[in-house]
Each structure stands twice: as C-alpha cells, then as structure tokens.
Amino acid sequence: MKYTYPVTRTTHPKPKPADENNLGFGKYFTDHMFIMDYDEGQGWHDGRIVPYAPIELDPASCVLHYAQMMFEGMKAYLRPDGKLQLFRPDMNAKRMANTAYRMAMPVLPEDILISATEALLREDKDWMPKAPGTSMYIRPFIFGNEISFSAMAAAHYTFIIILAATGAYYASTSGKLGTSRIYVQDKYIRSAQGGTGFAKVGGNYGGAMRASEDAKAFHCKDVLWLDAKEHKYVEEIGTSNAFFRINDEVITAPLDTGTILPGVTRDSVIQLLKEWGVKVSERRLSFEEVLAAAKDGSLKEIFASGTAAVISPIGCLNYQGVDYPVADGECGEIANKLYHDLYGMQTGVVEDYMGWTYPLDITVE
Ligand code: COI
C-alpha cells in the first residue's frame, strides 16, 4: 500500500549542531516528528508530520502509570553517493510486532513503519550529519494513551517517530574502537523467563538503571547481566547483546529463554561470522566458564552489539571488586573486523555482500 502523509512545516527551524564531532547520543532532535493515532475499531489512522514539539498528555494517561509502551531503535546512514539508507528495517518491524503481542498493544504494519520513517527523513534530510562515525538515530515509539486508572490494555494509542543526529554511543577518541570496563552484576536481574526481556519496552531499561548506576562505583561503564534463576549464565551487556570469544568459538546467549532482546545487530553478527567460517554458538555460557577462560588466557574477546552501540569491545570485567582483563584489554580482531564490515556496509563504503541495506530515494546535498 502507498502511504502519503500531510506535512505541517515548522516556522521556527532550530539551529543545527555546531560540532558534528560532538553529537553525543540522542541529544540533537530534528525539526519535525511523525505522529499517528490508533483507536479500537478504526485501527491506525491520521499519520502526519508536524513540527517537533512537546506533546500534551493527560496526567491520568495510562502510559504514565502502567508503562504500556514500546520503542524501537534504527539508524539512517549517509552513503558516499549522498543517498540515505536504512539497515534491515524489516527486522525492527518484526520485533515491534512481537513486542506488541507481549504488551497487548496493536501491531503496527511494517509498511507504515518504513513509509513514515522515510517521509520524516525526507523532511529533515538537511539534519543528516556527515562527520565520520555519525548517523541519524531513528526512535519510533508507541504508547497507550487512554485516560483511565484501570490497569488494562488501552483502547487508544499514539505512535511517534523522532530523529536525532547522533555520534557513537560509546565515543572513542583514538580512531580505534575503544574498550569499556564492565561490572558483573550478581545482585539485580534484567529479565526473567516469562517476563519482557525479549521485548523492546521502556520498563526493561528503567528497571536496569540502579544496576548501571552502581557499576560506576567500580569505574565501570555498565553491567554484564546474569540469568534471573540461577545468577549463573551470562546474558546481555548494558542495553546490548553480548558475545564472548573463547579460543576460536564465539558464543552468545540463545533466544529461546525469552530473556534476550533479539537484536538486529546480534543477528547480523551471527550471520557474518557464519559467512566468514568462524564457529559461532548460540548457547548458554556460565560466568564460571568465562572467569576460568579469563584466568587461563583462552578468553580472547568480549564485545557488545546493538544499533546504538554497533560493536563495543570490552577490555576488562570487574567481578566482586576484582578486575579480570580480557586478553590484552584492547579491541580484539573479530570485533574490529565486524565493526569494519558492518558499519562499512551500513554507510555504503563496504559492498553489501549480505543484501541487508535498504537504500532510500533521498539525496542529501
Ligand atoms: C539501540 O541500540 O537502539 C537501543 O535501543 C539502545 C538504547 C536504549 C541506548
């Protein structure tokens, strides 16, 4: 289906960021946003592009009390020929559908997600940053906005997309991928079987913040999450999926527990490693095994993967106050090659040999 959305242009365009090398993550929002409504019986309707502005919410709006919401994270990249492209947006749409089911929310059709994203990018293409390592972060989100204290699924929803000119999530100053210190969290949990760990919902992130804050006392950027039941198996790192290379096997937590977010970058990493002939396993890995490998030298690499983080190597784990360096503490060769090919394909400087990019007919001057 072909969608067109009416546009109300801003009469007060904002100044663009002065220094594209210091954009940070999600700080510089563009001039417009996309909004669409959902009402039971009517479905999704009235998609429109309007000036970026605060939204009005009734204080009794159910999302403010019961957090019936979900979001996604995507990026638009600038290719050397000046065109914009997305990366596997169908995967985001599929994840949104799974999240919607878990949260008893209406499914947003894939063609609405993609056409709305494209229309908004077209409107705000002059905001596309050009400095190396930058991109346009796309944040679609949906929330229940029924005015009611009844803790039941809402009958009215709002879908919004906003865009932020963005730099690297974990900035590096050296040109090489910088490594982070990560605290092994053995007290709090991120997600339990039967919970919402596989869904992209705000509550997963809000509930993680105490742990991330506590990690700072150990000079760590974030935490390595262990499973909820036994506090034994490694799961995710901060807001990203986690990969461990022990000798020549790269291991990541399997999705069948329902506690792991099915990351688009996670899936891309697994497929790329298979393509390169690297042994990659989706299996449960105990922290005990990681610790033993760190001690005997067989732990070669740990890295996190995500849309925001891309590939983020970990140089050191801190467990109960003791540091365990990962190999020599520098970015490992697999993480480096993954970043090179993945980010290269996304930005069009490496040929897309996996067929993942989604070029848009939008040219940036
Ligand atoms: C993303 O990688 O897009 C995310 O959603 C992570 C974000 C919460 C920082």
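## Two domains side by side

In this predicted model, the C-alpha centres of domain 1 and domain 2 lie 26 Å apart. Domain 1 covers 20-168 and domain 2 covers 173-346, with bounds that come from an automatic or database domain assignment. The contact between them takes 19 residues from domain 1 and 12 residues from domain 2; here, two residues are in contact if their C-beta atoms, placed from the backbone, lie within 7 Å. On the domain 1 side, β4 (69-71), β5 (74-78) and α2 (89-102) each supply at least two residues. Of the elements on that side, α2 gives the most, with six residues.

A word on how to read what follows. Residues are numbered from 1 along each chain as its sequence is written. Because the model is predicted, local features need pLDDT of at least 70 and side-chain atom pairs count only at pLDDT 80 or more, while totals for chains, interfaces and linings use all residues.

## The chain as a whole

The chain holds eight helices and 18 strands. Helices (H or I, at least four residues) and strands (E, at least two) are DSSP runs, numbered from the N terminus. The radius of gyration is 21 Å, close to the 21 Å that the globule rule gives for 365 residues, so the chain is as compact as a globular protein of that length. That radius is taken over C-alpha atoms, and the globule rule is 2.2 Å times the number of residues to the power 0.38.

Along its principal axes, the C-alpha trace spans about 60 × 50 × 35 Å. Buried residues make up 44% of the 365 residues. A residue is buried if 20 or more other C-beta atoms lie within 10 Å of its own, exposed if 12 or fewer, and partly exposed in between, with C-beta atoms placed from the backbone. Among contacts with a separation of 6 or more, 72% link residues 24 or more positions apart.

The largest nonpolar core has 94 residues, and M136, L224, V234, A242 and F244 touch the most other members. Both domain 1 (20-168) and domain 2 (173-346) give residues to this core, so it lies between them. A nonpolar core is a set of buried Ala, Val, Leu, Ile, Met, Phe, Trp, Tyr and Cys residues joined through C-beta atoms within 7 Å.

Leaving aside its neighbours within four places in sequence, M136 is in contact with K75, A76, L121, W127, M128, L163, A165 and T166.

## Following strand β12

Strand β12 (residues 240-246) is mostly covered, with seven of its seven residues buried. Two strands pair if DSSP finds at least two bridges between them. With strand β15 (residues 299-306), β12 pairs in the antiparallel sense over six bridges, and F243 stands opposite F303 there. Four bridges join β12 to strand β13 (residues 249-252), again antiparallel, with R245 opposite V250. These two strands form a hairpin with two residues between them, and N247 in the turn has a positive phi of about 50 degrees.

Strand β11 (residues 234-237) also runs antiparallel to β12, joined by two bridges; E236 has N241 as its bridge partner. The hairpin of β11 and β12 has two residues between the strands, and G238 takes a positive phi near 55 degrees. Two bridges join β11 in turn to strand β10 (residues 222-226), running antiparallel, where L224 is the bridge partner of I237.

## Two helices to look at

Helix α3 (residues 110-123) has 14 residues and reaches 20 Å from its first C-alpha to its last, close to the 20 Å expected at 1.5 Å a residue. The expected span is 1.5 Å times one less than the number of residues. Buried residues in α3 include I112, L113, A116, L120 and L121.

Helix α6 (residues 264-276) has 13 residues and reaches 18 Å between its first and last C-alpha, close to the 18 Å expected. Its buried residues are V264, T265, R266, S268, V269, I270, L272 and L273. After α6 comes G277, whose phi is positive, near 80 degrees.
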